[in-house]
Amino acid sequence: TGGESTRRLALSPRTPALVRIPRLGATPPLLDSLLLLGAQPLLLCFLRGAVWAHELRVVGLPARHAFTGAAPFHSPACQHGLLLADSAGLVRVCALEPHPRE
């Protein structure tokens, strides 16, 4: 429709925060997780009494890209994923790779 424009909303940096992301993952078992936002985002995953941490990395972004917001996201194309927002106002849809079999 020709008249559309894309604008970015600049967000001010925030102090680190925890966001609960329930039922995360592409395949069962789905993980309960907490996402620590900030300059060094960290994903804490919980499954059957075990806890492990993943440094959050998004393909195409620097290793220590800061995220200021996150939310659970579920659609047919991205099952049990998450939305990540950065301080530049960009939002990315993200999904975990399938859980490795033990």
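A strand, as the word is used here, is a DSSP run of E with at least two residues, numbered from the N terminus. Cys 94 sits in one such run, strand β7, which covers residues 91-94. The model is predicted.

Start with the overall make-up. The chain holds seven strands and zero helices. Read from the N terminus, the order of elements is β-β-β-β-β-β-β. Of the 102 residues in the chain, 28% are buried. Now take the contacts in the chain with a separation of 6 or more. Residues 24 or more positions apart supply 35% of them.

Next comes the sheet. Strands of a sheet pair through backbone hydrogen bonds, and the pairing can be parallel or antiparallel. Here four strands make an open sheet, in the order β1-β2-β3-β4, with antiparallel pairing. β1 and β4 are the edge strands, and each of them pairs on one side only. On average, neighbouring strands of this sheet are turned by 25° against each other, direction ignored.

Follow the sheet from the inside. β2 and β3 run antiparallel and are joined by five bridges. One link to look for is Asp 32, whose bridge partner in β3 is Phe 46. β3 then pairs with β4. These strands span residues 42-47 and 50-55, and six bridges hold the antiparallel pair. Leu 44 has Ala 53 as its bridge partner in β4. Between β3 and β4 the hairpin has two residues, and Arg 48 takes a positive phi near 50° there. In a regular strand, side chains alternate between the two faces of the sheet.

Now look at the nonpolar core. The largest one has 15 residues. Those with the most contacts inside it are Ile 21, Leu 35, Phe 67, Leu 82 and Leu 84. Four elements, β1 (18-24), β2 (31-36), β3 and β6 (81-86), each give two or more residues to this core. Leaving out residues up to four places away in sequence, Phe 67 touches several residues, among them Leu 37, Pro 41, Leu 56, Val 58 and Leu 61. Its contacts also include Leu 84, Ala 85 and Asp 86.

Is Asp 86 buried or exposed? Its relative accessibility is 3%, so Asp 86 counts as buried.

That leaves the cysteines. How many disulfides are there? The count is zero. A disulfide would need the sulfur atoms within 2.5 Å. Even so, Cys 94 touches Cys 78, along with Val 58, Gly 81, Leu 82 and Leu 84, not counting residues up to four places away in sequence. Cys 94 and Leu 84 are ten residues apart in sequence, with 7.3 Å between their C-alpha atoms. Cys 94 counts as buried, because its relative accessibility is 14% and the limit for buried is under 20%. Cys 45 is buried too, with a relative accessible area of 1%.

Key. Residues are numbered from 1 along each chain as its sequence is written. This is a predicted model: local features need pLDDT of at least 70, side-chain atom pairs count only at pLDDT 80 or more; totals for chains, interfaces and linings use all residues. Side-chain values use heavy atoms; hydrogens and water are left out. Buried means under 20% relative accessible area, exposed over 50%, partly exposed in between (1.4 Å probe, protein chains only). Two strands pair if DSSP finds at least two bridges between them. A nonpolar core is a set of buried Ala, Val, Leu, Ile, Met, Phe, Trp, Tyr and Cys residues joined through side-chain atoms within 4.5 Å. Contact means heavy atoms within 4.5 Å. Axes are lines fitted to C-alpha atoms, for helices over the stretch in contact, and angles run from 0 to 180 degrees between N-to-C directions.
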